Amino acid sequence: MTNYLPGDLSRRSFLAAMGAFGAASMAVPRMALSQDGTVLTVRSYSDLQVLDPAYRLSLPEDDIIRSIFAPLVIPQPGDVWGWKPVAVDSIEQLDDTTVAFTLKDNIGFTDGYGQMTADDVKFSIERMADPANESPYAGDWAALKEVEVKDRLSGLIHLKNKFVPLWTTTLPTPAACILSRKAMEEMGDKITTEPVAQSGQYLLADWQPKQKTILRRNPDWAHEPGGYEEIHIIPIEDPATAERGFEAGDLDYTWTSVSSLPRLKENPPAGAVVLEKPSLAYVWLGLNQDNPALQDIRIRRAIQHAIDRQTVVDAAYFGAAGVANGIIAPGLPGSRDAVTYDYDPDKARALLAEAGAEGLTVTLDILNQSERLTAAQVIQANLADVGINCEIKQNDSGTFWTLGSKDGDYFMDLQLVLSRFSMQPDPSWASVWFTPEQVGVWNWERFDNAEYKALHDQGLVEDAFAARDEIYKKMQALMDESGCYVFLTHEVVGAIHRDTVQPGLKPNGESLYSEFKPA
Amino acid sequence: MSAAVSDAWRPVRRLLAEPLGALGIALVLLVIGGAVLADWLSVYEPSRISPRDRFQGPSWTHLLGTDQLGRDLFSRVLHGGRIALSVALFSTAASLAIGVVLGLIAGYGPRWLDNLMLLLFDSIKSFPTVMLALALVTLFGPSLTAVVVVVVLVNVPGYARIIRTQTLALKESEFVTAAQSMGAGTARVLRVHIMPNVIGPLLILASMDIPVVIAIEAGMSFLGLGVRPPTPSWGAILNDGFTAIRDTPWIVIAGGLPIILTTLGFTFLGETLRDVFDPRLKGRG
């Protein structure tokens with residue numbers, strides 16, 4: 001037999017060497033390319049669906065939108081809430097109702113749409129605020145009167161009244177991302193997944209649905225550059241899967257499941273840094289008050305009394321998270337020490353009997369995620385204990401986030417839903433989603449209370465901490481009384497990153513892609 | 001009489017004489033026995049949660065440990081076996097019944113009908129199983145019924161194609177022509193003369209498909225597309241364990257081991273059945 005191998009190398013020794021090489025390559029964890037500052041690979045918990053700042057659907061989209069459409073300001077990364085300028089050279093509040101801004105002189109739009117001007121700022125902000133456009137984020141600019149263009153780069157934002165959340169939950173969000181008037185008017189519609197006239201530190205280079213989104217450094221961005229040539233964003237819904245991906249070397253940064261935090265903190269993977277951040281998010285069980293099976297308030301109150309919230313949270317988060325008493329996290333005005341209903345199965349049974357609803361069957365919709373499923377099963381057991389048969393329905397993220405939408409065909413069939421909303425550091429950003437205008441948008445419980453709405457409006461102009469504290473506590477008491485809400489937890493945020501990466505994170509652990517840098 | 005009994009037991013003896021066949025029978029009996037006697041063998045109610053007992057390792061109290069909700073895994077595995085076997089047996093039987101009927105019609109019927117049905121079989125077959133499952137679950141929601149429908153849809157075209165091919169070969173044979181000339185109708189020809197001659201190999205094939213069906217059910221439940229919680233299912237147990245695989249590997253082992261044993265059992269049994277009843281196919285596949 002002809003020996004094709006060089007020298008004394010036999011076939012057997014060649015195979016042995018290859019085997020050893022293969023084994024060695026598996027023993028050394030693969031590292032992503034973040035070490036040389038070329039590519040950063042991060043996980044997002046959902047894929048993008050809309051890249052229009054006015055119609056965005058999820059937090060991961062916020063991050064992409066902020067990276068590709070230059071915002072006036074972004075949140076300051078670090079442990080203290082604040083903001084830093086991006087598209088502006090200067091921005092300041094002149095009085096309660098006037099903000100002056102001056103844009104940087106050389107920010108351009110791609111696709112030949114020229115330089116960003118103050119008129120683009122006027123267009124972008126007024127477009128979002130205009131009720132005719134039905135932006136779910138119109139409330140961010142609820143106090144806007146108009147944007148006045150002073151000259152090519154500067155202007156004034158005029159408010160109708162004092163608006164306390166302006167610098168916390170309006171300006172440092174995609175609500176202040178600037179679009180090209182010319183591009184948008186030519187397009188005549190909202191931006192979906194093919195952005196035109198991008199202007200940020202990064203540009204959307206590629207989107208492979210359900211697989212990968214690639215942001216590439218904008219070669220025409222003349223200011224502080226993004227930290228990486230490319231950012232690869234991998235949509236992975238389940239945090240446990242993302243953790244496996246990180247440990248396999250496929251990711252440089254990911255949120256972890258809260259339940260994994262104790263293990264990861266105790267025994268972090270080699271070359272990894274584990275972070276735990278206080279979360280502002282809130283998780284709750286919502287009850288659709290317009291669903292025929294839940295229209296009787298006694299049934300909704302019975303469900304509130306049937307749920308052992310401490311056990312639900314302990315089981316789902318393995319003791320790593322505490323129980324929430326509302327939608328507003330500790331430290332913010334309106335944070336409560338208790339809810340107005342307690343865990344009382346006997347009372348729940350009595351209310352059900354009074355309502356003639358023994359043997360009731362309900363459906364609980366959840367996002368297909370391990371923590372939610374665990375929480376749902378405890379809720380299911382709690383409800384079974386008082387005689388309610390609960391069927392759990394798991395949904396992928398694309399389906400889940402449309403369940404309560406009035407544009408869909410399921411919103412009236414929706415009964416119980418386990419939801420989680422992210423949050424900005426102002427209580428109004430939590431309360432706004434439960435106003436009557438949000439019924440069928442994000443208010444899936446269809447909670448419709450005029451007093452709540454009036455208090456919400458009052459909270460937007462009141463800046464004394466004690467007064468705001470009282471307003472938002474009263475609003476959450478109204479939510480309790482409606483029987484539509486069982487508040488569960490604010491979670492904590494767990495994140496893990498390579499020690500070769502310096503992550504750009506808000507104080508609550510949410511990422512700012514444009515602020516990630518090589519360590 | 002004794003000769004007849006001896007003849008009846010001969011295939012069984014041949015099966016048991018094959019080491020893999022004996023092992024297959026033993027594993028299948030173990031799984032079936034566990035499922036049938038689940039209520040008697042389980043100390044705990046399989047869906048009873050007890051958060052205080054979560055993540056306990058295997059012990060005499062909990063033979064396979066407990067999951068994240070403190071549920072006894074041994075009880076869940078036994079009851080999960082019921083789901084797996086019920087889905088496998090029911091959906092395979094339904095697939096066989098539908099496949100045989102459609103295959104006979106395609107093979108014995110007119111050419112245009114044959115072509116139409118082939119197009120239908122190939123169209124269904126061209127759907128990837130997971131895509132089909134996702135589409136059905138989107139339409140009807142996750143449930144045991146959805147799992148059965150997916151399995152039936154996936155299996156029917158294969159069975160029907162085999163029956164059609166054999167029917168085509170038999171319909172021109174002399175004994176069929178003789179039956180037709182003696183006045184036998186189409187239904188009688190198909191039922192009495194063709195079906196008994198084509199169904200044998202299909203039964204062997206079906207027994208080898210059972211582990212595939214069990215894997216489909218487990219896979220769908222793992223993905224949250226199968227049985228609804230808290231119904232125990234091997235796939236759901238795997239999913240529960242996947243979250244905490246680093247610290248509590250026994251959950252994944254408890255969910256995975258029965259799938260492996262059942263797959264091996266039915267595969268060994270099916271292959272030995274094939275070798276015993278159709279020696280021409282020995283060593284193939």
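User: Which residues in α2(A) are buried?

Analyst: In α2(A), the buried residues are A:L59, A:P60, A:E61, A:D62, A:D63, A:I64, A:I65, A:R66, A:S67 and A:I68, where buried means under 20% relative accessible area, exposed means over 50% and partly exposed lies in between, with a 1.4 Å probe and protein chains only. Helices (H or I, at least four residues) and strands (E, at least two) are DSSP runs, numbered from the N terminus.

User: What am I looking at, and how are things numbered?

Analyst: This is a predicted model, in which local features need pLDDT of at least 70 and side-chain atom pairs count only at pLDDT 80 or more, while totals for chains, interfaces and linings use all residues. Residues are numbered from 1 along each chain as its sequence is written, chains are lettered from A and ligands numbered from 1 in the order in which they are written, and side-chain values use heavy atoms, with hydrogens and water left out.

User: Back to α2(A): how many of its residues are buried, and what covers them?

Analyst: The helix is mostly covered, with 10 of its 10 residues buried. The cover includes β1 (39–44), β2 (73–75), β8 (202–208), β9 (212–217), β10 (230–235) and β11 of chain A, a contact being heavy atoms within 4.5 Å.

User: How many cavities are there?

Analyst: The count comes to 10 cavities of 30 Å³ or more. On a 1 Å grid over the protein atoms alone, a cavity is a set of points where a 1.4 Å probe fits but cannot get out, and lining residues have an atom within 4 Å of a point. Grid points are joined across faces, edges and corners, and a volume is the space filled by probe spheres set on the points.

User: How much space lies in the largest cavity, and which residues lie nearest its centre?

Analyst: About 510 Å³ of space lies in the largest cavity. Its lining has 30 residues, of which A:Y45, A:L59, A:R420, A:F421 and A:S422 lie nearest the centre, and A:L59 is one of the buried residues of α2(A).

User: Which elements supply the lining of the largest cavity?

Analyst: At least two residues each come from α2 (59–68), β11 (253–256), α11 (370–385), β16 (416–421) and β18 (492–498) of chain A, and the largest share, 3 residues, comes from β18(A). By class, the lining has 16 nonpolar, 7 polar and 7 charged residues, with Ala, Val, Leu, Ile, Met, Phe, Trp, Tyr, Cys and Pro counted as nonpolar, Asp, Glu, Lys and Arg as charged, and the others, Gly among them, as polar.

User: Which residues of chain A other than glycine have a positive phi?

Analyst: A:D111 is one of them, with phi near 65°, in the loop between β5 (98–103) and α3 (118–129) of chain A. Another is A:A197, with phi near 50°, in the loop between α5 (181–187) and β8 of chain A.

User: Are A:D111 and A:A197 buried or exposed?

Analyst: A:D111 is exposed, with a relative accessible area of 52%, whereas A:A197 is buried, with a relative accessible area of 1%.

User: Switching to chain B, how many helices and strands does it have?

Analyst: Chain B has 11 helices and 0 strands, and its C-alpha atoms fill a box of roughly 75 × 55 × 30 Å along the principal axes. Of its 285 residues, 47% are buried, and among contacts between residues at least 6 apart in sequence, 69% join residues at least 24 apart.

User: What about α6(B), which residues are buried there?

Analyst: They are B:L132, B:A133, B:L136 and B:V137. Seen down the helix axis, the buried residues of α6(B) fall within an arc of 125°, so they line one face of the helix, the arc being that of the directions from the helix axis to the C-beta atoms. On the other side of α6(B), B:M131, B:T138 and B:L139 are exposed, and the cover of the buried residues includes α7 (144–170) and α9 (186–222) of chain B.

User: What comes just after α6(B)?

Analyst: B:G141, which takes a positive phi of about 85°.

User: Which peptide bond is cis?

Analyst: The bond from B:P229 to B:P230 is cis, with omega near 10°, and B:P230 is in the loop between α9 and α10 (234–243) of chain B.

Key
On a 1 Å grid over the protein atoms alone, a cavity is a set of points where a 1.4 Å probe fits but cannot get out, and a pocket is an open set with protein on both sides within 12 Å along at least five of seven lines; lining residues have an atom within 4 Å of a point.
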